[in-house]
Amino acid sequence: MFSCGSACAIADNPHGNGPFCGQTARRPAHTAGMKSSSNLSRDWNPGDIWEGYQATSLLEMPGLARAAGVARVLVKNEAERPLGNFKVLGGMAAALRAIRRHAMNSPNADGTAHRRLRLVCASDGNHGLAVASAAQRAGVRATVYLPHDVSPVRVDRIRATGADIVLVNGTYDDAVQCAQAAALAEDCLLVPDTTPEADHPVVKDVMAGYGVLTDELICQLAAAGNVQPTHAFIQAGVGGLAAAIAEGLHAHMYAAGRIVVVEPHSAACVARALREGRPVRIEGQLRTAAEMLSCGLASAPALEILLRHRAHAMGVSESELEAGPAQLLAAGGPASTPSGAAGLAGLLAASRQPEQRERCGLDAGSIVLLVVTEGPPDVTTASTAQDTDVHPFPLPSPAY
């Protein structure tokens, strides 16, 4: 390790960003050890990455609905994804597409030159794991910049892919700056999941990858009788997932469905950006139990979407974040973390505060969507606890 010196299925989709219901996607011709220039130049879509793809579960959880005083609570379980979290949808696909663009712009480079390629990114853990896994898949190198206090388990998972680790003496936002500087100085390929630029192609690829999640949801909601959520309580680091859900589900939510962005009080960068109409960095250590949400600057492309959809934002306390995983598990939901269950923490906090409940428009008829964004980091996938009060939504699971 080093220390930085500064602080459904996808196939023939005309939109190219998510699955159709009931279609079968192309299976990749090669799924491991991809080191040739022909594979590096492939136009990767999220559906090409894994064999045996299955949509993650959408669960109905009446116990949580009773606790929140709403009609229904639906929970999308992203702990079931490969690598155990939703970031694989964005970071891995975006990295492979970035490699393809690089290969197309260097048509005379041989296989040795491609293998010398290095991907660089900053992360709190999950995005870095996705990018490092993409590098391993493509047979290129990777360096992941992490804040110095990142969990050792997350460091070890990234290192196991063969990636180099750089620990930054500072926050996630400091790691972002270090990664940007290193990529520029060393002529590496930067694969960020956040940017101050409104039109960054790689960040847009990351967010398009998250669209797989919303396309699955559209199929699942339709299969369950065209259920229309009234609310989505979605946790945010830099805002990419919340923006993807706002964009992908707006036509499938009831009337003026509300997107509520949930953040730790200590790292509420999206709330500040929504107030000011532009990303503004929050200073300080940003310490929170929800370590995947410890971000001080919202992503500009995400903010643009959230503003357009008039998203709300709310902060939650550390005690509420820490209680979230146990509350989820007690209701029969999947094992998670304070980051992965932060949307639930926000819903329960809002439901208990009359002023916040009114501000969010929650009532006894509300249908609330939550996303469990990760399982415990020491477990690749986290299975849902068996409980008679939890009901999986039906969805045929097409295979890649």
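User: How many salt bridges does the count come to in this model?
Analyst: The model is predicted. A pair counts when a side-chain nitrogen of Lys or Arg lies within 4 Å of a carboxyl oxygen of Asp or Glu. By this rule the count is 17.

User: Which residue meets Arg-97 in a salt bridge, and in which helix does that residue lie?
Analyst: The side chain of Arg-97 meets that of Asp-205, at 3.5 Å from N to O. Arg-97 belongs to helix α3 (residues 87–105), so the pair ties together parts 108 residues apart in sequence. The partner is Asp-205, in helix α8 (residues 201–223).

User: Is Asp-205 buried or exposed?
Analyst: Buried means under 20% relative accessible area. Asp-205 has 13% relative accessibility. Asp-205 therefore counts as buried.

User: How far apart in sequence are the parts that Asp-149 and Arg-287 tie together?
Analyst: Asp-149 forms a salt bridge with Arg-287, with the closest N and O atoms 3.0 Å apart. Asp-149 sits in the loop between β5 (141–147) and α6 (152–159), Arg-287 in the loop between α10 (269–276) and α11 (300–308). The parts they tie together are 138 residues apart.

User: Which residue of β11 is the bridge partner of Val-75?
Analyst: Strand β3 (residues 72–77) has five of its six residues buried. β3 pairs with strand β2 (residues 58–60) in the antiparallel sense, where Val-75 is the bridge partner of Leu-59. β3 also pairs with strand β11 (residues 367–372), in the parallel sense over six bridges. There the partner of Val-75 is Leu-370.

Definitions and conventions:
Residues are numbered from 1 along each chain as its sequence is written. This is a predicted model: local features need pLDDT of at least 70, side-chain atom pairs count only at pLDDT 80 or more; totals for chains, interfaces and linings use all residues. Side-chain values use heavy atoms; hydrogens and water are left out. Buried means under 20% relative accessible area, exposed over 50%, partly exposed in between (1.4 Å probe, protein chains only). Helices (H or I, at least four residues) and strands (E, at least two) are DSSP runs, numbered from the N terminus. Two strands pair if DSSP finds at least two bridges between them.
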